Amino acid sequence: MAAEIIDILETATVALSGFMVKKYVFLEPDMEAKKQRIYYGISIILIACVFFVLGSFGKDAAAITVGGLIGLNICLGRKKRRLPGVLLMIPLLGIINGLLMPVMLVPPYLLYLSEQGRQIYQFAVYGILAVLLVLFYVKGKKWRVWFHENLKNRSLRLSEKCLLWIIGILMMFFSNSSVMQQVSSAADFKALDSVYDSGFGIRQFVGISSMAAFIMTITIVVLIVQGNKRAFYHEKVSGMQSGMITLMADIVENRDDNTGGHIKRTANYVEQIAKELKRRGAYKDILTDEYMKDLIVAAPLHDIGKIHIPDAVLNKPGRLTDEEFAVMKTHTTAGKELLDHAKDELGEYSYLTMATEMAAYHHEWWNGKGYPYGISGEEIPLCARIMAVADVFDALRSKRCYKEPMPLEKAYSIIREESGTHFDPEVVDAFFAVSDGFETE
């Protein structure tokens, strides 16, 4: 009877551990809360049926069922790439084996515990695990709330996924090796050792390999959990930086009473155009995921140089004279100087480099007739070419101190006509592909 209870406890431990590792280490999302609870209930019933109906094969069949249910849960919890999620049960079960097998097998084996002693030891371990689980749910509520709020949208990096797969597969081989299978099924450890008296050193092998497996598994799990925490704080700091950048840009924009919302709208246009270019496979060597993130953060700073433009020029309610326009054009070089100074003070950040390029070059023309440097074509950084379209479109559609907003179709017509002269034709094509969403801006 005791052996059957231990088998039930082992199966329950594997199932609970699997679902927790899936959620808190692999960062795989759950289904909607009510559906997830129903899924847990069905899983418990199904595992119990498999365990008790199949008799002597129940334990192994239940373990396979647990793996399948966890894989299916990963699949159902995802919104995309669902089928590959089922395969995650392979490294996941390996990690569970790497954590549990050394703890459950090695001490009884090394201490030559009798069958009764092993059962007492296993009951004690499962009791400790049960207490830890209760403490996690009772005392860990604050941490779980933090986890759900701050890591629910995070996914593992490729390097982390590779580490989990490597350690998971290694632990699968470890737990299924012939020696470990003999240890796990041995009724008499001393009799098992006598088989290897010829110098094979099975006790040394089991002890060292089990300790190595346990330490490797724990290390990888801890590294990834800590990586999750570091990623959260990095994202929080990045969010604060983005907020400060937007605040700085808002301060500059508020000097001009007639351009309210310009930086937010242009930032949105830039993001949508860049995503469409990426979707089309254009400039794929440039439009990396990191580039896209920097582009979105940097966009609000494109007009930062206007802080140096006198109010009399910035808010003049009529056409600028040639001299005034020459002053207005200096906002590009002034912005570059400000951001170069920021890089000197804060260090080299990729988003600051991109913001500098946007500020300096967003008034350059595709045909070389823009300002301040008169460069052309792909000499103009891609971020500035994208901003050029977004900036002009918003200027055409907005009320300014010197003009009324232009009708949508007229603004579209100007953007289309200046493709290949003022604007990069490929950027213009991407703009019109996503322009339906701009009509309500």
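The following legends describe close-up views of a predicted model.

Residues are numbered from 1 along each chain as its sequence is written, and side-chain values use heavy atoms, with hydrogens and water left out.

**View A. The cis peptide bond between Y371 and P372.** Omega of this bond is about 10 degrees. P372 belongs to the loop that runs between α16 (350-361) and α17 (382-397). Helices (H or I, at least four residues) and strands (E, at least two) are DSSP runs, numbered from the N terminus. Most peptide bonds are trans, and most residues other than glycine have a negative phi.

**View B. R81 and Y283, two residues with positive phi.** Phi of R81 is near 50 degrees, and this residue is found in the loop between α3 (58-77) and α4 (82-86). Y283, whose phi is likewise near 50 degrees, lies in the loop between α12 (262-280) and α13 (289-298). R81 is exposed, with 61% relative accessibility, whereas Y283 is buried at 16%. Buried means under 20% relative accessible area, exposed over 50%, and partly exposed in between (1.4 Å probe, protein chains only).

**View C. The cysteines C49 and C75.** The structure holds zero disulfides, a disulfide being a pair of cysteine sulfur atoms within 2.5 Å. C49 is partly exposed, at 39% relative accessibility. C75 is buried, at 11%.

**View D. The salt bridge between R265 and D394.** The closest N and O atoms of R265 and D394 are 2.5 Å apart. R265 lies in helix α12 and D394 in helix α17, so this pair ties together parts that are 129 residues apart in sequence. D394 is buried, with a relative accessible area of 1%. A salt bridge is a side-chain nitrogen of Lys or Arg within 4 Å of a carboxyl oxygen of Asp or Glu, and the structure holds 12 of them.

**View E. The salt bridge between E276 and R280.** The side chains meet at 2.8 Å, N to O. E276 and R280 are four residues apart in helix α12, a separation of about one helical turn. E276 is buried at 8% relative accessibility, while R280 is partly exposed at 43%. Elsewhere, salt bridges that share partners join K22, K23 and D30 into one network.

**View F. The salt bridge between K23 and D30.** The closest N and O atoms of K23 and D30 are 3.0 Å apart. K23 counts as buried, with 18% relative accessibility, and D30 as partly exposed, with 22%.

**View G. The second largest cavity.** A search of the whole structure finds two cavities of 30 Å³ or more. On a 1 Å grid over the protein atoms alone, a cavity is a set of points where a 1.4 Å probe fits but cannot get out, and lining residues have an atom within 4 Å of a point. The second largest cavity holds about 40 Å³ of space; a volume is the space filled by probe spheres set on the points, which are joined across faces, edges and corners. Its lining includes Y361, W366, H422 and D424. α17 gives the most to this lining, with three residues. Six lining residues are nonpolar, one is polar and three are charged.  Ala, Val, Leu, Ile, Met, Phe, Trp, Tyr, Cys and Pro count as nonpolar, Asp, Glu, Lys and Arg as charged, and the others, Gly among them, as polar.

Terms used. Predicted model: local features only at pLDDT ≥ 70, side-chain atom pairs only at ≥ 80, totals over all residues. 1 Å grid on protein atoms, 1.4 Å probe; cavity = no way out; pocket = protein on both sides within 12 Å on 5 of 7 lines; lining within 4 Å.
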